[in-house]
Amino acid sequence: SGETLLAGLVGRGIQLSRTPAMHVAEAESQGMHAAYQLLDADLLDRPLAEILDAAEMMGFSGLNVTYPFKIEVLPLLDTLSTNAKSVGAVNTIAFRDGRRFGHNTDLWGFAEGLRRGLPGAALDHVLQFGAGGAGVAVAHALAELGVRQLSIVDVDPERAATLATQIAHTHETCAAVAVEDAAALIQSDRPDGIVNATPMGMAKLPGTAVETSLLQPTMWVADIVYFPLETELLRAARARGCRVLPGSGMAVFQAVRAFELFTGRKADPIRMKATFDAF
Ligand code: NAD
């Protein structure tokens, strides 16, 4: 068809993002023309509001929003989806009829990645490391997946406490608590699953937030870090016999949902994952 996808990513430090390639390849596979622009605030040196105005004026279908703008963008939008409201952050904007709709596809992205990547995983008790920007979306996703007890640990205890309170208030079925001593909790309570939502394990931040010697083969372990794909945590967990979920799931499925919001067409997750993996 002659339809065009015109979209972009606004953020800082985005030059190596795989999101543009996923959207362009998916659109072209569906016979669309595609242009996906990197709107790098480091290079543009313009306020976020002006970047949004320009993209909207140029006829963009929408924008992905990443660090450090996911919260700053909120007052620039007309309508927020339920997920964007609960997370308090937006990673996808759709422009429609002069209005700006804010979405959070990180939440669904993590949930869908886990449903597909760890089918049948026990969800009675999950221990989550990291209550920062991504951690908020992950915690909401875990509560929606049916986690009954969510223990949250962060080196900043106030962040863990705030997120636990927020989850407990918004999800009746999920008892969320902040935890200070994760090692003691792993040994005494043996959670079903462990999620890393800290930046530990990134190429520039080697190491693990989790004491890997405590992992049991019955536990599943998910990481949202995806550079590298196999973090030190996942390598150790695999060696100890745990089922593991790499960060590519969330990264691919947030894009799958964003593509659908931009174009109104279904995206093929397997095809988008193949593009992601080709890097
Ligand atoms: P952030 O800085 O907002 O939050 C990180 C949180 O982890 C902070 O609250 C910090 O105090 C806490 N923390 C750091 N080290 C810790 C430790 N050892 N133990 C416990 N808590 C610790 O960062 P963010 O935006 O939430 O991103 C976190 C990571 O997730 C980054 O590596 C990012 O690349 C990745 N990420 C992946 C996806 C994806 O799609 N897979 C999406 C978003 C972010």
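Tyrosine 226 has 40% relative accessibility, so it counts as partly exposed (buried is under 20% relative accessible area, exposed over 50%, partly exposed in between, with a 1.4 Å probe and protein chains only). Phenylalanine 276, at 1%, counts as buried. This is a predicted model, where local features need pLDDT of at least 70 and side-chain atom pairs 80 or more, while totals for chains, interfaces and linings use all residues. Residues are numbered from 1 along each chain as its sequence is written, and side-chain values use heavy atoms, leaving out hydrogens and water.

## Aromatic pairs

A search of the whole structure turns up 2 aromatic pairs (ring centres of Phe, Tyr or Trp, the last by its six-membered ring, within 6.5 Å; planes under 30 degrees apart are stacked, over 60 edge-to-face, the rest tilted). Tryptophan 108 and phenylalanine 253 have ring centres 6.0 Å apart and planes at 80°, so they sit edge-to-face. They come from helix H5 and helix H10, 145 residues apart (helices are DSSP runs of H or I, at least four residues, and strands runs of E, at least two, numbered from the N terminus).

## Charges over the rings

Each of these pairs has a ring with an arginine over it: arginine 257 sits 4.2 Å from the ring centre of tryptophan 108, and arginine 18 lies 4.3 Å from that of phenylalanine 276. The cut-off is NZ of Lys or CZ of Arg within 6 Å of the ring centre and within 35 degrees of the ring normal.
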